[in-house]
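Here is a walk through some local features of this structure, grouped by region. Have the sequence and the model open while you read.

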Amino acid sequence: MAVDKNWREKELSLKEVINKYPDVSPFIIIKTDAQRRGVDYTEAALSRVDVNVHQTVTRSFAVERSDQVDHSPFSLLLRDGTSILTGRDMVEGYRDPLVVDVVDDKIMILDDGEPLEEVFYWEKPDFYDKFTSSGKPMWHIAWARPLRIDLNPNQYCQFWETPGHGCKYCAIAATYKKSDKEQFVDLQDIDETVHEALKQPGRFTSIFLTGGTILDGEQLLDAEVEQYIQILKRVGRNFNGKRFPSQLIGTAFNKQQLQRIYDETGLMSYTADIEVLNEELFDWICPGKAAKIGYQEWKDRLYQAVDVFGRGYVNTGLVAGVEMATPKGFQTEEESLGRILEEAEELAKHGVSAVACVWNVAPGSMFFKQRTPSLEYYVKLSKGLDALRRKYHIHIDMDNYRRCGNHPDTDLSRV
Amino acid sequence: MAVEISRELQEILNDPQSIKVLATTDPEGRPHVVFKGSLHVNEDGYLEYLEFIESSQTNKNMVHSIWFHKTVAINVKHEKQSFQIEAVPYRALIAGKEFEKRYNQVRREKGIDLSTVWLMEPLEIVEETFEKRRLEEEKAHPILKHLDLLVEQEKINEK
């Protein structure tokens, strides 16, 4: 999508939003806009990248970056420890991106030529330079956030095997099909990679699993459940005691499946992403999830997960902004915020926290021509979701800035 | 760096025998004061302390301070000397090789976890050593004292 040269005239600027919301951290507002618009790097900024130190490569189910193509940093950290998960190849929008440049010998993020904040490039973990006994680079097996080991055992999603069932904002199918990677990551490779990662003291605080849906099994999703159980059991052998800090984002499993995961593994928290908090829009945007499980059942399964994992250990992710996709989405930001937060409050009443990812228009997704909402919309949404957690006393340790780092609303929970 | 920390104060701050206090405020302005034995001046000239408890009130207040450029106050006392430092948080180091270096040191010396390495930039330094302050007060505000301190006690008692 081409950048609209006049987009700045149509919404408040980043600086104007910071000034309008003096009670919201400017760090989080900058992060939100960077995730919404993406970032680009000047040559000076790229010259500060040291491939021996910084993370430039990643293989995940949604992003594939090979070191032969691009040495730009994978992502950024701000001075307060906030992560910005974005890059030059992760967003395709009609607004121009923020820019990372070197100003007065510091690496800074800029908007419209004005320096905003100092940024730091993510450092790669030691295991990125190691190989499994089968000869694979370990960064093909797991990837890293600043404090988290990420495992994506299934690099594809079965919803995409039925025409029209893929989620419309999702690039998993496009990412998978344009690479030569295997669909499933080998269990022994995962075991060796996690074991190696844990040799780096002070680097990681949690293990995270997610991947594409696997519908197969005697009961729907049994195969996906079994896959995660096998991995969690192997990974769990590394730790003393049964439970270890971990999060699984899976499809919405039934109570029996959830109980089995909890009983048989050391998993501490569970997420099933409902993506959009409105039944009609869920049916339109996530047709596979709607057809196989359904909106109300998805919510019920989240509530059942609270019974299994406990309050504060179950949440659901939103691709925040897709609720305004055309032509079926909400027509105004005001209506959209009202409806989304109303649904989020119902979840919170049941002990389920809703956390938002800033929707960036992913190249290769069905929604690649859509426009994301204004920055102000995201600030209001973050405030609203944070306020609900405070109102219903739900802590967000499982998905805070040190774990995922992809949710501006959970960043606000730091104070 | 807005102000340089003198060599004398660096030595006091880096002395494990010194008593170091950090005062922060929450978003409503409520003060919170704690002893921070790990507080010292690092090789780059930043004031640095180790936060061991992620959800502590100090950690929350430090995040609020770095977000909104609110200052914190430090007092360090060594024998009879005392200094107050107004500072602003510069960085919360939570990951990377520099963090891991501190983490490994904490593991070796204390055997506990480490949440954050806080770096602060000093903005103003005032010596609060009592005798020095008392003399400054007498010189700057000679009118502010009890009268009986100015009379000769023997003369008063004679009458």
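## Ground rules and a helix in chain B

The expected span of a helix is 1.5 Å times one less than its number of residues. Helices here are DSSP runs of H or I with at least four residues, strands are runs of E with at least two, and both are numbered from the N terminus. With that in hand, take helix α3 of chain B, residues 97–109: its 13 residues reach 18 Å from first C-alpha to last, close to the 18 Å expected at 1.5 Å a residue. Just past α3(B) sits Gly111(B), with a positive phi of about 70°.

Keep in mind that this is a predicted model: local features need pLDDT of at least 70, side-chain atom pairs count only at pLDDT 80 or more, and totals for chains, interfaces and linings use all residues. Residues are numbered from 1 along each chain as its sequence is written, while chains are lettered from A and ligands numbered from 1 in the order in which they are written.

## The six-strand sheet

Chain A has an open sheet of six strands in the order β1-β6-β7-β8-β4-β5, and its pairing is mixed. (Two strands pair if DSSP finds at least two bridges between them.) At the edges are β1 and β5 of chain A, each pairing on one side only.

Strand β1(A), residues 39–41, runs parallel to β6(A), residues 98–103, and three bridges join them. Asp40(A) has Val99(A) in β6(A) as its bridge partner. On to the next pair: β6(A) and β7(A), residues 106–111, run antiparallel and are joined by five bridges. Val99(A) turns up again here, standing opposite Leu110(A) in β7(A).

## The seven-strand sheet

Another open sheet in chain A has seven strands, ordered β9-β10-β11-β12-β13-β14-β15, again with mixed pairing. Its edges are β9 (142–145) and β15 (353–358) of chain A; each has a single partner strand, so one side of each is left without a neighbour in the sheet. From one strand to the next, the twist averages 25°.

At the β9 end, β9(A) pairs with β10(A), residues 148–151, in the antiparallel sense over four bridges. Within that pairing, Trp143(A) stands opposite Asp150(A) in β10(A).

In chain A, α5 (residues 187–197) and α6 (residues 222–236) pack at an angle of about 35° with their axes 9 Å apart. Axes are lines fitted to C-alpha atoms, for helices over the stretch in contact, and angles run from 0 to 180 degrees between N-to-C directions. On the α5(A) side, Leu187(A), Ile190(A), Asp191(A) and Val194(A) meet Gln230(A), Ile231(A), Arg234(A) and Val235(A) of α6(A).

Val185(A) lies in the loop between α4 (172–177) and α5 of chain A. Is Val185(A) buried or exposed? Val185(A) is buried, with 24 other C-beta atoms within 10 Å; the cut-off for buried is 20 or more such atoms, exposed means 12 or fewer, and partly exposed falls in between, with C-beta atoms placed from the backbone. Leaving out residues up to four places away in sequence, Val185(A) touches Ile141(A), Pro153(A) and Ile190(A), where contact means C-beta atoms, placed from the backbone, within 7 Å.

## Helix α10

Helix α10(A), residues 295–309, has 15 residues and reaches 21 Å from first C-alpha to last, close to the 21 Å expected at 1.5 Å a residue. Its buried residues include Tyr295(A), Trp298(A), Leu302(A) and Phe309(A), and also Lys299(A) and Arg301(A). Among the elements covering them are α7 (255–264), β14 (314–320) and α11 (333–349) of chain A. Just after α10(A), Gly310(A) takes a positive phi of about 100°.

Gly81(A) sits in the loop between β4 (76–78) and β5 (83–84) of chain A. It is buried, with 27 other C-beta atoms within 10 Å. Which residues does Gly81(A) contact, leaving aside neighbours within four places in sequence? They are Tyr401(A), Ala92(B) and Ile94(B). The C-alpha atoms of Gly81(A) and Gly405(A) are separated by 9.4 Å, though the two are 324 residues apart along the chain.

Between the chains, 15 residues of chain A are in contact with 18 residues of chain B.

Key:
Two residues are in contact if their C-beta atoms, placed from the backbone, lie within 7 Å.
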